[in-house]
Every structure is written in C-alpha cells, then in structure tokens.
Amino acid sequence: MLIRPRRNRKSAGVRSLVQETTLTPQDFIYPLFVHAGTENSPIDSMPGCLRWSEEGIVGEAKEAFELGIPAVVLFPAVEESKKTPLAEESYNPEGLVPRVIRRLKKELPELVVITDVALDPYNSDGHDGLVETNERGEAVILNDETVEILCKQALSHAEAGADIVSPSDMMDGRVEALREALDSEGYQEVSILSYSVKYASAYYGPFRGALNSAPKAGDKKTYQMDFHNVTEAIRETQLDEQEGADMIMVKPAGAYLDVIKTVSETTALPIAAYQVSGEYLMIKAAAAGGWVDEDKIAYESLVAIKRAGAQMILTYFAKQMACLLSK
Ligand code: PBG
C-alpha cells in the first residue's frame, strides 16, 4: 500500500502537528446572568448557571478573565414590577446593566464587555420588540418603533462603557440605526456584534426560564428566522454588513453548522456562534444521567462549531472549558 492515512494519526505528537482546528479560551464569550438581588441564586431551568448578584458577577468575570476568556455578555433578569409595555427600563442609565458595565470596566478594564440589545427582559409582553394587539387579538411586533428604543438602550450601554453592543432582536434596519445613533453621540469606537442569523428556535427554552422572559402571547416567528431556510441567512448577513456591523452571529450553533459554514463562505466579517441554553442543557442532562462524558462532549461540540467556521463562541461552558484547556 502506497498510501496509509493512519500514519498521520500514529502518535499524539503527529496528531497535534496535523490538527486543523484548535480550541482555546480566547475563542470564548461567556454569557452571564445578573439580577438586582444580593444572592447568587441557582437557575432552575439551567443547572450549573447562576443568576449573579452585582457583586458576584464581578468575581465570576474576573475568574473567567484570568483563565484567558476575553469577553462576557450580560443578560439581566429584571423584576416583574419593572417590566412595562414600552420597556422603559431597557434604557434607564442607572439600570442594572449600565451599573454592571461600569463596575466591570472599573475593576477589569481589559475585559471586553458585550451587552444584549433587545427588549424581551424589560417588556411585559415578553417579546424582543414592542407589541400591538390587532383586531384578531394577535400580537403584532412594531419594527420601527422598536428600533428607536433599541437605539436608546444601546446608548445607555455605550455611555456606561460597553465595548460591544449586540442586537439580538431581529428587527429590520436596526444595525444602521444603532451605528448612526452611536456615532452621533460620539461612540464611534463601540462595536456592533449583530445577531444577523437568529432562528426561531425551541433551543432557547431554558434561557427564557432563566429570565422569565417567554412571550406572553404568540411566538417569535415574525422576526426570528425560519429554521427550514438557509438562503435568507446570506441575505441577513449581507444587509448587516452593509449597515455597518463589525461582527455577525449565527444562533443556535450545534444544529446549524451548515449555516455557519455557508455564512463563513459569504462574509468577510468575523463570525460568532451561540451555543444556546438548550444545547448546553442537552449535554448537561445527558451527563447528569451518566450517559455521556460531559467535558468530552462539550469540548467536541465546541470544536465542531469552530471547525464549521466560527471565530468565537458564546457558550455557558466557557469557564469549565477554559479550566479544562489550561490543564
Ligand atoms: C433574547 C435572547 C434570547 C437568547 C439570547 N438573547 C432568547 C430569545 O430570543 O427568545 C437565547 C440564548 C439562549 O437560549 O441561550 N433577545
């Protein structure tokens, strides 16, 4: 036999030389939940994750940063009493997210602080945009009115010191509007990581439990994408590119590797992929049952996402994997 592919796998040393994809802590963006309470409280729907206090989140971010994770993304659990139909709390300059940004940037100036821009944690309707009920009693999501509020929200994050704002709402035209709003207030340096390709997915279930942010009526299918399609992923990405996005995101990740691949071949922008709560939970649950090896499956799932074409990965396993990789 002239050709024996197994020669390239014959030892750990040779395998490491020919290895094409490398996962490192620098690839990770660590999603963190925060609330206004004083306790770090467990999240029923997401075992292994905590709803951090304002104090606790700083400690957790510091540990992650010291393990080599460059960035965190913040998700606020807002008290029900602060949720309103117009989501005014989303742009309160003294709100939970701006307070946490200030604190993180003060104590960890080099940590990249990313914020989610969308109304669902603040909106009593539980939708990413403002809701109007039509004559048939259905929830209609108002695009342009929502975008105006998103701009105020992003400005409140920029003013507090956010490095990157990340619109996850899927309204049309929001990237351009955010870019203009940020620039007009002197925040040319604040980047936009756009959730360009976000599918209406059942994989977000546990996250909505964590924030108690599930829609009260209807679903998110009129703004989040239909998972039967991939061509419109290219369209959404191209639009966000033209509108001034600095980076784009594909979400979920694991069941959408083909989408990551397609998008990576059609955009010059860096791509983030979000291994979402349902993906995390499926691994956690199987491992808790004793059926799979949690570290190994988590690692493999993340390598697959990177191999498909993602440069960075939002994952609830970030810290656990960074610990594993540093061994
Ligand atoms: C909301 C938002 C969601 C997630 C991130 N931002 C939920 C949704 O769109 O319903 C999901 C993250 C996850 O499931 O881990 N704007």
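In this predicted model, A87 is found in the loop that runs between strand 4 and helix 3, the latter spanning residues 96-107. The backbone at A87 has a positive phi of about 50 degrees, although A87 is not a glycine. Most residues other than glycine have a negative phi.

The peptide bond from K251 to P252 is cis, and its omega is near -10 degrees. Most peptide bonds are trans. P252 is found in the loop between strand 10, which covers 247-251, and helix 8, which covers 257-266.

A polar atom in the side chain of K251 lies 3.4 Å from a nitrogen atom of the ligand. D120 likewise places a polar side-chain atom 3.1 Å from a ligand nitrogen atom. For K220, an N or O atom of the side chain is 2.7 Å from an oxygen atom of the ligand. The ligand on its own has 400 Å² of accessible area, and the protein covers 100% of that area. The space that the ligand takes is the largest cavity.

The ligand has 18 residues around it, and those that come nearest are R208, K220, K251, S277 and Y316. Sorted by class, this shell consists of 8 nonpolar, 7 charged and 3 polar residues.

Aromatic side chains give another view of how the chain is arranged. The structure holds 10 aromatic pairs. One of these is formed by F75 and F207, with 5.0 Å from centre to centre and 90 degrees between the planes, an edge-to-face arrangement. F75 lies in strand 4, residues 71-77, while F207 lies in helix 6, residues 205-211, so the pair ties together parts that are 132 residues apart in sequence.

Technical notes:
Residues are numbered from 1 along each chain as its sequence is written. This is a predicted model: local features need pLDDT of at least 70, side-chain atom pairs count only at pLDDT 80 or more; totals for chains, interfaces and linings use all residues. Side-chain values use heavy atoms; hydrogens and water are left out. A residue is near a molecule or strand if one of its heavy atoms lies within 4 Å of it. A polar contact is a pair of N or O atoms within 3.5 Å; within protein, one must be able to donate a hydrogen and the other to accept it, and residues adjacent in sequence count only if both atoms are side-chain atoms. Accessible areas come from the Shrake-Rupley method with a 1.4 Å probe; for residues, only the protein chains shown count as cover. On a 1 Å grid over the protein atoms alone, a cavity is a set of points where a 1.4 Å probe fits but cannot get out, and a pocket is an open set with protein on both sides within 12 Å along at least five of seven lines; lining residues have an atom within 4 Å of a point. A molecule sits in a cavity or pocket if more than half of its atoms lie within 2 Å of its grid points. Ala, Val, Leu, Ile, Met, Phe, Trp, Tyr, Cys and Pro count as nonpolar, Asp, Glu, Lys and Arg as charged, and the others, Gly among them, as polar. Rings of Phe, Tyr and Trp (its six-membered ring) pair if their centres lie within 6.5 Å; planes under 30 degrees apart count as stacked, over 60 as edge-to-face and the rest as tilted. Helices (H or I, at least four residues) and strands (E, at least two) are DSSP runs, numbered from the N terminus.
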